Amino acid sequence: MKRLTVNDDKCTFSRDGKPFFWLADTLWSAFTNMNDEDLDTYLTVRKQQGFNVLQINILPQWDRCYVNAPYMPFGFKENGGYDYEKGMNDDYFEHAKHVLDKIVSYDFTPALVVLWLNHVPGTWGSALSNNINVMPKEFIKPYCQKVAETFDSYNPVYVISGDTDLDTDSAKEYYRIALDTMCELSPDTLKTLHIKGRYTYLPEEYLDKMDFYMFQSGHNALNLDKCYTMPVEMLEKYPAKPILNAEPCYEQMGFSGYKYGRFNTKDVRRAAWMSVLSGACAGVTYGAHGIWNFQKLYSPVNPNTGEGFDAPKPWTEALYFKGAWDYGYIKNTVSALGELHPDNRIGNTISGLKTEVLEDGTKKMTRVISVNPEIKMATTKDGKTSLIYAPFNTKIVVNEDLSDCKVTVVDMNTKNTAHPFVEVKDGKSYILMTPFDEDVLVVIERR
């Protein structure tokens, strides 16, 4: 089976020697909530859309849709928590292998989460669930042994943590044991951590054993800048490795914190493009509210969602949200270019008049000029191609003479293209606004 590796540029991936842009979907609940018919339908659609990685939780997702799963990994105590003392249920892991047989037959790479945060003490998730399923520390190594024995033949990526914070000694210790054990038992597979939203902290002792970095810009409507500030922060803080946004806002996910509103197609498209052009060019992960938890039409909604999201759509509707096609377009565009690096030659400013009241009561009008941080640009290593993403259609200023360049503007909503007028003055190029109504991608090709 095909194996994922990190390229020498420490920025991108290959799979069996061929360039590989990570385009994942969050199918966290695959091992518990899907039957064969559901899985075939799902895999057929996502394959057609261009997806090539599926992020799956090895243990049952704590906030998945309520269904009667055919198997569970452990028995239960009277309080409803896992009975780790009785050991692991082999039938559960055999069923997981059956699911993975189908997944890899469609040419997907599985990215398997070893320990979601509710199994680890000292995390926000274990506290929220009253520590009911915290794994005993002495059980981590035998569990990891089972994971490696069961899944290594599928050449997965092992995501050691799930949605976690690493703010306590107990959490750090648990994940250090799991990371060390998986590195020892499965030396040829890639390892990383999936950390909680709007959080970039990684303990220094983990860094040399991690092959790439995941961040999660998340589902908080008050932090929409995180999709582009977090990769910049990780580039500055940590040794060079591929970076990807493993959980941007999900399509039709309710705003976190029980806030009214949902993320729409443009929101998820914006988060992806801004991440990729700000340094996270190794790939991006899509999410649909209803797929990640695999919500069935008449199944009750699980209220145990840590950040307080509104109800999901059934998976049969969520599978066809338009944003998934937009992510396929991102993969097709970026994978053809390879290594991308953030480019600060954007010169866009916002200007306007501001009224200032003086001490004597009179008013004074002053012009205010500020830089617009929302327009992002990245350029290929060879300098031949640049991409610019603008969330709203506007005139775009580039601090470069583009007289001899081919400039194309793509309407991100319709994928229609325009050939804009470009004015050059004093070494700056002004790409004039096109007739499109929403966000645009500008492609600059240097001759």
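N245 is buried, with a relative accessible area of 0%. Buried here means under 20% relative accessible area, exposed means over 50%, and partly exposed is in between (1.4 Å probe, protein chains only).

Some ground rules. This is a predicted model, where local features need pLDDT of at least 70, side-chain atom pairs count only at pLDDT 80 or more, and totals for chains, interfaces and linings use all residues. Residues are numbered from 1 along each chain as its sequence is written, and side-chain values use heavy atoms, with hydrogens and water left out.

Back to N245. This residue sits in strand β12, residues 243–245. Strands (E, at least two residues) and helices (H or I, at least four) are DSSP runs, numbered from the N terminus. What does the side chain of N245 join? A polar contact of 2.9 Å links it to the side chain of S217. A polar contact is a pair of N or O atoms within 3.5 Å; within protein, one must be able to donate a hydrogen and the other to accept it, and residues adjacent in sequence count only if both atoms are side-chain atoms. Leaving aside neighbours within four places in sequence, N245 is in contact (heavy atoms within 4.5 Å) with residues including F215, C227, A271 and V284.

Next, the helices. α2 spans residues 36–49 and α3 spans 90–105; they pack at about 25 degrees, with axes 10 Å apart. That makes α2 roughly parallel to α3, a label for angles under 35 degrees. Axes are lines fitted to C-alpha atoms, for helices over the stretch in contact, and angles run from 0 to 180 degrees between N-to-C directions. Which residues meet? From α2 come D36, L39, D40 and L43; from α3 come H98, V99, K102 and I103.

Now two loop residues. Most residues other than glycine have a negative phi. K10 has a positive phi, near 55 degrees. K10 is in the loop between β1 (4–6) and β2 (13–15). D107 is not a glycine either, and its phi is positive, about 75 degrees. D107 lies in the loop between α3 and β8 (109–116). Is D107 buried or partly exposed? At 25% relative accessibility, it counts as partly exposed.

Last stop, S403. Its loop runs between β19 (396–398) and β20 (405–411). S403 is exposed, at 56% relative accessible area. Its side chain makes a polar contact of 2.5 Å with the side chain of D401. The C-alpha atoms of S403 and V424 are separated by 7.0 Å, and these residues are 21 apart along the chain.

Methods:
Parallel < 35°, antiparallel > 145°, perpendicular 65-115°, else oblique.
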